[in-house]
Amino acid sequence: MKFAQYTAATALCVAASFAAPIAERQATITDADILQYALTLEHLENTFYKGALSMMPESEFLAAGFSSAYYNNLKYIAHDEEQHVMLLTSALAAAGAMPVAACTYKFPYTDPKSFVTLASILEGVGTSAYLGGAPLIASKTYLGVAGSILVTEALHTSLQRFNLGEVAPANPYGTALGLNPVFTLAAEFIVSCPSTNAALPVKAFPALTATQGIPAAPGITFTFTTTTTMPSTFFVTFVSGLSTTSVAGSMMGSMIVATIPATAMGQTYAFITNTNVTSSIMDSMILNGPAILEVTPPAPTFDIAEM
């Protein structure tokens, strides 16, 4: 995963160029598949938080400008992620499936600040994953459990964003991501997985990397890179909240150039698509991505008279 500098004002980018470490299969998606997929993500977050807490004591977070209250919340988040792993593991076992085991991971943080920046991204992706996966769940019982975990992941996201100095509720709505885009992002952190883990019905898209290390904002020109050749006509499609907005892409040397739309707010996902997407983005439309960028939201507006 390629990031710009780890600062609260940095536009965050994700590249996903890798040999997929998770066994893939393409098939009809079942509830057991969704649970395995969710457990794969929860194992990642569980290891991520426990690793940071084992490596960096509270004193390092305090020296980096974070509070004791924040560090205490990190411990609660680690507890939450462990509980999610236990719950999903039990549900799969009760359904007669062998739960996937944790993989071996690599996380590119070196200090508290880079850890918190990455935590904010991971929690945002986790929230998007549950929101995007929910419509695929047939069982109302499983759907209720997924909704409960989604709420907790959203709380984690807000905590991390606030402690980075970002607007915690930067978008009025959550942003859903499909299985394959989430897999593309998550697999960048995975080195290898046990051969006994069930194959997931997912695939990874070619990389898209956001290259600018400045805060993004609507109306500015933003650049991306990829290792694949772009067609003569393509679009950069931004997914943020309930909005999916395509912008005509162009090339500036080896860089892809597009203007960030007004609909992008907070953690936003950018894709290269083969069409102007006017509704939901479908896998068949995606050529590259997603990349992740942090877009400064506009000033809040509200009508006090409407009470």
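## Welcome to this predicted model

Thr-223 stands opposite Val-257 in strand 8. Strands here are DSSP runs (E, at least two residues), as helices are (H or I, at least four), and both are numbered from the N terminus. This is a predicted model, where local features need pLDDT of at least 70, side-chain atom pairs count only at pLDDT 80 or more, and totals for chains, interfaces and linings use all residues. Residues are numbered from 1 along each chain as its sequence is written, and side-chain values use heavy atoms, with hydrogens and water left out.

- Four strands make up an open sheet in the order 3-4-8-7, with antiparallel pairing; two strands pair if DSSP finds at least two bridges between them.
- Strand 3 (209–210) and strand 7 are the edge strands, each pairing on one side only.
- Strand 4 (residues 221–225) and strand 8 run antiparallel and are joined by four bridges.
- Ser-254 lies in the loop between strand 7 (250–252) and strand 8 (255–259).
- With 60% relative accessibility, Ser-254 counts as exposed (exposed is over 50% relative accessible area, buried under 20%, partly exposed in between, with a 1.4 Å probe and protein chains only).
- Ala-94 is 160 residues from Ser-254 in sequence, and their C-alpha atoms are 52 Å apart in space.

**The nonpolar cores**

- The largest nonpolar core has 58 residues, and Phe-48, Phe-61 and Phe-115 have the most contacts inside it.
- Elements that each supply at least two residues of this core include helix 3 (68–94), helix 4 (112–133) and strand 9 (266–273).
- Helix 1 gives the most to this core, with 10 residues.
- A second, separate core has 19 residues, among them Leu-208, Phe-222, Val-236 and Ala-270.
- A nonpolar core is a set of buried Ala, Val, Leu, Ile, Met, Phe, Trp, Tyr and Cys residues joined through side-chain atoms within 4.5 Å.
- Setting aside neighbours within four places in sequence, Phe-48 is in contact (heavy atoms within 4.5 Å) with Phe-107, Tyr-109, Phe-115, Leu-118, Ala-119 and Leu-122.

**Strand 10 and the segment after it**

- Pro-290 belongs to strand 10 (residues 286–295).
- The peptide bond that joins Gly-289 and Pro-290 is cis, with omega about 10°.
- Met-307 is in the segment after strand 10, and Met-307 is exposed, with a relative accessible area of 88%.
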